Amino acid sequence: MLNYIWGGLIVLSLVFALISDGNDFLQDTYRNGKPLPVTVYFEDDFDPDDHRHEVDVQITTSDLTSHYGDSLITGNTWSGALLFTSAGRELRFAEDRPLMEPLKTICDQTGQSDCRGTLQGTPTTEQWQTTITFRPVRWVKMNAIAGAAIDFAETAVTLALGLIGGLGLWMGLLKIAEASGMLQALVRLTQPLIRPLFPKVPHNHPALGLIVLNLSANFLGMGNAATPLGIKAMQELQTLNESEDTATDPMVMLLAMNTASVQIMPPVTLVAIMGLQINQLFFSIVITTALSLIVAITAVKLLSRLKRYREVAS
């Protein structure tokens, strides 16, 4: 079901991007190929033999409004450099002075670190009235969606690689604990506490020890450790499940308790962000997670008594 939801969201985003880009094309939002009036002021004496000049570029509000048809755009003056190249006269805006929309989007789409455009004519004085033409801009929204997809794919791979080490470590420790008998000892020790929540799990079953370890990891704010422990606990609970596509009451209870994520230690990520200020949230975290755990356990117990869910489970 989740795959269909993600697929629908992707299709909707692509449709939105096509409609938006099509509207930009019909209205010529970015005035592709049309020159914009500018005034160039040379900081030093103009020398036609120099290939680079430090300049100030002024674009008035009236010119911007007339060019783009937007009365909210305000003109300004930017520093930059004028380069004489074999391809013509190129103006490069300084990177430390961001431009307003739609100039910012136009410059972002050029793929350069600075904003660039070609100037028409030849300067003769220290104040040059000319026009600038930017590179054509098309498929803004589609490019944004493609870029976001690539960025999130990179993030997903990085996250997966980071989890491999943690998963390998904790799964190895579980094997050691199981072979040494520590897991069975933990099951016997914690059965009086955990049995009322998982009455359908047999005595001394390995799933009980894994459940305790999983909840303990969550309790101490170790989310990376809780993940492999929770997966292993679900695998053990599945051995008691006669159905391959229906979760049992113990499986639902474990999932609900993990979702509540009761803990007394703040998450490592939050500690890294807030530092010592995290102490101000200690009681809030405890109260919130405790209440969420109570709600989760109560919801599972009540829903499991309803005829509809008992029929599904059977």
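Visitor: At roughly what angle do the axes of H8 and helix H10 cross?

Guide: This is a predicted model. Helix H10 covers residues 282-305, and its axis comes within 8 Å of the axis of H8. The two axes cross at roughly 160°.

Visitor: Are H8 and H10 roughly parallel or roughly antiparallel to each other?

Guide: Angles over 145 degrees count as roughly antiparallel. The axes of H8 and H10 cross at roughly 160°, and the crossing is right-handed. The two helices are therefore roughly antiparallel.

Visitor: How many residues of the contact of H8 with H10 are charged?

Guide: On the H8 side, the contact is made by Asp249, Val252, Met253, Ala256, Met257 and Ala260. They meet Thr289, Ser292, Leu293, Ala296, Ile297, Val300, Lys301 and Ser304 of H10. By class, 9 of these residues are nonpolar and 3 polar, and the number charged is 2.

Visitor: How far apart are the axes of helix H6 and helix H8?

Guide: H6 spans residues 206-219 and H8 spans residues 249-260. The two helices pack at an angle of about 15°, and the distance between their axes is 10 Å.

Visitor: Are H6 and H8 roughly parallel or roughly antiparallel to each other?

Guide: Angles under 35 degrees count as roughly parallel. H6 and H8 pack at about 15°, with a left-handed crossing. H6 and H8 are therefore roughly parallel.

Visitor: Which residues of H8 make the contact with H6, and how many residues of that contact are charged?

Guide: H6 contributes Ile211, Asn214, Leu215 and Asn218, while H8 contributes Leu254, Met257 and Asn258. The contact has 4 nonpolar and 3 polar residues.

Visitor: Moving to the aromatics, what kind of pair do Trp78 and Phe93 form?

Guide: A search of the whole structure finds 2 aromatic pairs. In the pair of Trp78 and Phe93, the ring centres are 6.2 Å apart. The planes stand at 85°, and over 60 degrees counts as edge-to-face, so this pair is edge-to-face.

Visitor: Is Phe134 buried or exposed?

Guide: Trp78, Phe93 and Phe134 form one aromatic cluster. Buried means under 20% relative accessible area; Trp78 has 2% and Phe93 has 4%. Phe134 has 11%, so Phe134 is buried.

Visitor: What is the relative accessible area of Gly88?

Guide: Gly88 is found in strand E4, residues 88-93. Its C-alpha atom is separated by 9.5 Å from that of Gly121, 33 residues away along the chain. Gly88 is partly exposed, with a relative accessible area of 23%.

Visitor: What percentage of the residues in the protein chain are buried?

Guide: The secondary structure of the chain comes to 11 helices and 6 strands. The chain has 314 residues, and the buried share is 32%.

Definitions and conventions: Residues numbered from 1 in each chain as written. Predicted model: local features only at pLDDT ≥ 70, side-chain atom pairs only at ≥ 80, totals over all residues. Heavy atoms only, no water. Axes fitted to C-alpha atoms, helices over the stretch in contact; angles between N-to-C directions. Helix = DSSP H or I, 4+ residues; strand = E, 2+ residues; numbered from the N terminus. Parallel < 35°, antiparallel > 145°, perpendicular 65-115°, else oblique. Left-handed = near helix turned anticlockwise from the far one by under 90°. Contact = heavy atoms within 4.5 Å. Nonpolar A, V, L, I, M, F, W, Y, C, P; charged D, E, K, R; others polar. Buried < 20%, exposed > 50% of the residue type's maximum accessible area, 1.4 Å probe, protein only. Phe/Tyr/Trp six-rings, centres within 6.5 Å; stacked < 30°, edge-to-face > 60°.
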